[in-house]
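Subject: Structure handover and notes

Dear colleague,

Here is the structure that I promised to pass on, with my notes below it. Please read them with the model open beside you.

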Amino acid sequence: MAEPMKIRATLQGDIADVRILIAHPMETGQRRDASGKIVPLHFIQNITVTHNGKMVMDGQWSQAIARNPFLGLRVKGAKAGDKIVVTWTDNMGDKRTDEATVTAS
Amino acid sequence: MPRSGGVITALAFAFLSSGTIAADPLAVGRQMLMEDNPGELWIDQGKKLFHNKRGPKNASLEQCNFGLGAGKLEGASVKLPRYFADTGKVQDLESRLLTCMEQLQGFQRNEVMKRAISRAGSNGSDIEALALYITSRSNGMKMNVTLDHPKEREMYKAGEYLFYRRSGQTDFACVQCHGESDKRIRLQDLVNMTDQKQIQEVVSTWPAYRGAHFVVRTMQWRLYDCFWQMRLPELKYESDTSIALTMYLHYQGNGAVMKVPGFKR
Amino acid sequence: MQPIRKTRRTLLKLGAGISSLAAFSAAGLLRVGEVVAAQWNKGGFESKAVDDALKSLGVSNMIDSRDIVITAPDIAENGAVVPIAVASKVPNTQSISIIAEKNPFPLAATFDIAGSDPYVSTRVKMGQTSNVRAIVKADGKYYTAVKEVKVTVGGCG
Amino acid sequence: MKNSAWTVLGTVALIVTGCATFPDHATTRQIAEKMVGEDFTAPQPAQLKRLAQDRSQQICSKIGGAKLTQDEAAEVTRLARDSIRFPSSGKYAGDWKRGNALAHDGAGDRIQFGKLEARKENGGLCQNCHALAPGEINVGNVGPSLTGYGAQRGNSEAIAKYTYEKIYNAWTYFPCSNMPRLGASGHLTPEQITHLVAYLLDPLSPVNKK
């Protein structure tokens, strides 16, 4: 079960500065664990960000994105109280959706 | 942290217009990492571990006394290590946590201790998440370790002695790497722990997210890892040596404003 | 949000070769207002050569642009977490892709942008010192900028 | 510290903490040494001996940067000089290529998770603290730069001998300096040290390239 994301959305003028932290191993499929076994490929492939229901960023990732990933973006035409929803899906079919409200800085 | 938003974008376009690059080739990366710290993902986990009923006694840690009374976390970690009358010992945050997990929740102290320092690339240990959560409750407060009890003074002096005690095949004490400013081991900046400002930067930023390990690390780990690098035997978790050094360092860093989790490369 | 999961699974069953949106609409699976992510660029992300990754993005010709700014450290202390931000001032920027040229699979990420500032910040693993290339798609054309990031291991290991 | 607290602090409230005495150095030492004896583990009991201090380490563990007395400096220097063993080959300079690898190797002999680091030989650790070949980024600065070491000094027999001794036991020339006594402590073998000497002195070595 995936842990909740940490999403901050802070208003700067009419732009929401959105910062997303995700707990995810982003395994490359090349790493060996302590017992010497290969840890299987396991990484987020798709990440979408919506602003009041409208898609503003549609991201695709490879396993090269660092473990416990970070994504920062800037949403135009935002105001305090707006809803930012982030959804990710990984190659093993696991997914998670979390949301945040835009706050005045 | 949320207020720092946009610094990087601003930075990007500053480069664009001026065509210059920051003088320190490492600084840009460090700032970018610092602004959004994955360590924060562990705060909520620590909070759950603190409040949920767990262990053989099915109890939470809400009755744990970190020195300010049962369950009082705000301002507790900035007074640690300190002497606790119930155990008759000077304890740091982590050893106190072990005491509570043992007494309140019925966990086996040795079992918890074995897992306290997690493997790199793992999901981290309970102690790491708990230590971060509890310390984060003192964010914005000043480190304020006191030496009121004779045992606290003993610990402090022992810590100072150990900081300067050279041994092993590298002939290192702590001070060999942490006694001068602007020094590096390879590319890693070394903190001058004899300088008040620098030691304050240290004591206010642990527990910290360790970028190379992808987990939150604590002061116990920091000390353990130093002894490893010094080629000395393994420092026991919650040992008096570790608490004495923490006592010395925290006291030297008094006045530091807490801001955990830190981010270490 | 459970339905998305289902639809994505369905998508996997449907297999390649069918345009996902069309398939969903036709099957009546797509609910009004539901947001569906782009199909993952398997060919691009599994390319070992930069040229193949570029081809997968539809790039045949790239224009060097000073309107793309890559912010990343000159020297990364830890190749496992290299912060990279890309800001584009190219008008009508539609997407930003990040390529770490010497990685075993160079294409690291693609971000389609609509209604957000053409800016993205993330962190990439880099096995060695390499050029980091940003590709910006705008008005159907491709623009690019590049920055070298030196990767050191660090520590005393 | 204790005395000034007595004289400076005036109020009763402050005296409660201010008058509190710290244990004296001998007591502190006893307490701390007891801790060191109890607080470490090692896969082999013999490895715990690494924590024991030799005479020189005791002298060099001055608290708060206190200066060595002349007698102490002389004793550390003498002990260092007496510790030096020369390579059986009789040559101070070995193979600079092997020295190059050693100088950049920071591993060996560490103990973690109940295991001793398994290595054919210990690394020289040089790069951790010294700048080496020109243009290398990932180098420390705890010690002075060694870039151009041989180019500046030449590679006479005398320089080679000095360099060997300096690596074998740095305290021969700089008592209680931060540099480990790499040969005297057994971290490096005499043969390994000859390779490092060659790396520093050989005109073909990267250290001496422009």
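To begin with one point of backbone geometry, Arg231(B), which comes after helix H10(B), has a positive phi near 70 degrees; helices here are DSSP runs of H or I with at least four residues, strands are runs of E with at least two, and both are numbered from the N terminus. The model is a predicted one, in which local features need pLDDT of at least 70 and side-chain atom pairs count only at pLDDT 80 or more, whereas totals for chains, interfaces and linings use all residues. Residues are numbered from 1 along each chain as its sequence is written, chains are lettered from A and ligands numbered from 1 in the order in which they are written, and side-chain values use heavy atoms, with hydrogens and water left out.

Helix H10 itself spans residues 219–229 of chain B, and nine of its 11 residues are buried, where buried means under 20% relative accessible area, exposed means over 50% and partly exposed lies in between, using a 1.4 Å probe and protein chains only. Among the buried residues of H10(B) are Trp221(B), Tyr224(B), Phe227(B) and Trp228(B).

Two further places in chain B have cis peptide bonds. One joins Leu80(B) and Pro81(B), with omega about 5 degrees, and Pro81(B) sits in the loop between helix H3 (41–51) and strand S1 (82–84). The other joins Trp206(B) and Pro207(B), with omega about 0 degrees, and Pro207(B) belongs to the loop between helix H9 (196–203) and strand S5 (208–210). The loop between H3 and S1 of chain B also holds Asn58(B), whose phi is positive, near 45 degrees, although the residue is not a glycine; Asn58(B) is partly exposed, at 49% relative accessible area. As background, most residues other than glycine have a negative phi, and most peptide bonds are trans.

The largest nonpolar core has 84 residues, and Phe66(B) and Phe163(B) have the most contacts inside it. Such a core is a set of buried Ala, Val, Leu, Ile, Met, Phe, Trp, Tyr and Cys residues joined through side-chain atoms within 4.5 Å. Helix H6 (residues 126–136) of chain B supplies the largest share of this core, seven residues. Leaving aside residues up to four places away in sequence, Phe163(B) touches residues including Val175(B), Met193(B), Leu245(B) and Leu249(B), a contact being heavy atoms within 4.5 Å. A second, separate core of 65 residues includes Met5(A), Ile22(A), Ile135(C) and Val151(C).

Turning to chain D, its secondary structure comes to 10 helices and three strands, and 44% of its 210 residues count as buried. The C-alpha atoms of chain D fill a box of roughly 70 × 40 × 35 Å along the principal axes.

Within chain D, Gln57(D) lies in helix H4 (residues 55–59) and counts as buried because its relative accessibility is 3%. With residues up to four places away in sequence not counted, Gln57(D) touches residues of chain B, including Arg166(B) and Asp171(B), as well as Ala52(D), Trp171(D) and Arg181(D). Phe113(D), by contrast, counts as partly exposed at 40% relative accessibility; Phe113(D) is placed in the loop between strand S2 (111–112) and strand S3 (115–116) of chain D, and has a positive phi of about 50 degrees without being a glycine.

With best wishes
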